[in-house]
Amino acid sequence: MWRWGGYFLPLLTAALLACLELQRVDSYVTLSINPGSASIVVGEARNLTATISSPQGQVLTSPVVWWSSDNAVATVESGGLVRGVAKGLATIHASADSLEAVATVQVTLIQVRPDHPRVMLSDTVRLRAVVGDTSGTLVSNPSIAWLSSDSRIASVDSTGLVTGRSMGTVSILAVAQDKVAMVQLVVTPWTLVGAGDIADCASGEEPPAGLEATAGLLDSIPGVVFTLGDNAYPSGTAQQFASCYQPTWGRQRSRTRPSPGNHDYLTPRASGYFAYFGATAGDSSEGYYSYDLGSWHIVVVNSVIATTPGSAQIAWLQRDLASHPAMCTLAYWHYSMFSSGMYAVPAMRTTWQVLYDAGADVVLSGHDHFYERFGPQTPNGVLDSARGIREFVVGTGGDEHQPFSTVAPNSEVRNNKTFGVLKLSLYADRYHWEFIPAAGGTFSDSGSALCH
């Protein structure tokens, strides 16, 4: 008897502790519905998803039971498919074991999609109206009248095509007989964001911290991504693009407008660079091209090939600028014309002269691995606040930093300790710049200027 008692008490204690631990773990298991709120039209259906998660974030499997607080407004099927029945508000419930979650569903007779539209200056976005009727079905090809509360900010035509006219917020209305829906539309400036001297995984298999950090910044900044050359180190091979650039900055490849650098050309004819970016990088025998963002004309120069007077690239640049007499012009390439580092390339002076003669406003470059902003200058480096071009050196994409040498004339801001990206907001007649540091960085730089 004594021996049984000696075993029984420890066993009982262990069992009780195990039960308490199970209860403690179970208490942190959660059930959620995504999305937590939704808006649909009568006759329209939308899937809701129920997820059971462990305290460690692991998705668990268990039968889920669905029901609606008001089947006269919205019904829900066993798999979470919600269907609008009549105008009103319903609460959708999901339960699994002792867990429960809810989502709200607003059912209307007309809605405008997308429900939070944005459009860039001088750009367009297509809106559409979804209409239901009181019989519980969707109306096919409804007749819609479109209206803008302020056509000076954004106009809308009879098909729902909205054009951004000036900065601001405007109400866009869709009218179908006695049904009216409205959304708030925001007109924003065009955004260019990026850096140069980017992906160097040569020291190991994993992308370095600076590269990962700048790639993370791009994940949360909308707009067109530019690169300022030396995209994949050490020599721009297809393998280096695939293993180092693609998992990081490559996440933005569909919205990237690149420029090549000297390291990209260490692979003959920069074949890795051109194969990776494809037609976006321009003709592979040239690597220079241009495009427009609203009222801005953007020129991408290939600073690795000839930019001497009479060269094919300079002749193209002169023709391109003459055929695009924009209010604002920006150019970018790899080699910096002016720099407080060791690698300024005076051979870019001809390119600068052509841009200066055409009234260009901004030049972006890399090559030196730091950030530097200059005042507006002539091709000879003379400060010119009336017609000069402002240069930004942004070699902060992820490769190791480099030291400053002699501070160059007209250098206004410098930093060689911080990885980050330069964000440019392009308005109709001006621009705003902001250097955004990677996580852990404290240096920043920002300002605005008018176009010439």
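1. The protein has a mean pLDDT of 93, and 93% of its residues reach 70 or more; pLDDT is the predictor's confidence in each residue, from 0 to 100. Over residues 1-5 the pLDDT is below 50, and this stretch has zero contacts in the model beyond near neighbours in sequence (contact: heavy atoms within 4.5 Å). Residues 18-26 also have pLDDT below 50, with one contact beyond near neighbours in sequence. Where pLDDT is low, the predicted coordinates should not be read in detail.

2. The model is predicted: local features need pLDDT of at least 70, side-chain atom pairs count only at pLDDT 80 or more, and totals for chains, interfaces and linings use all residues. Residues are numbered from 1 along each chain as its sequence is written, and side-chain values use heavy atoms, with hydrogens and water left out.

3. The largest nonpolar core comprises 55 residues, and Leu192, Trp249, Tyr332 and Leu364 have the most contacts inside it. Such a core is a set of buried Ala, Val, Leu, Ile, Met, Phe, Trp, Tyr and Cys residues joined through side-chain atoms within 4.5 Å; buried means under 20% relative accessible area, with a 1.4 Å probe and protein chains only. A second, separate core of 25 residues includes Val301, Met337, Val345 and Trp352.

4. Helix α6 (residues 349-357) has Thr351, Trp352, Val354, Leu355 and Tyr356 as its buried residues. These pack against α5 (312-323), β25 (328-332), β26 (362-365) and β28 (390-394). Helices (H or I, at least four residues) and strands (E, at least two) are DSSP runs, numbered from the N terminus. Gly359, with a positive phi near 80°, follows α6.

Definitions and conventions. Buried means under 20% relative accessible area, exposed over 50%, partly exposed in between (1.4 Å probe, protein chains only).
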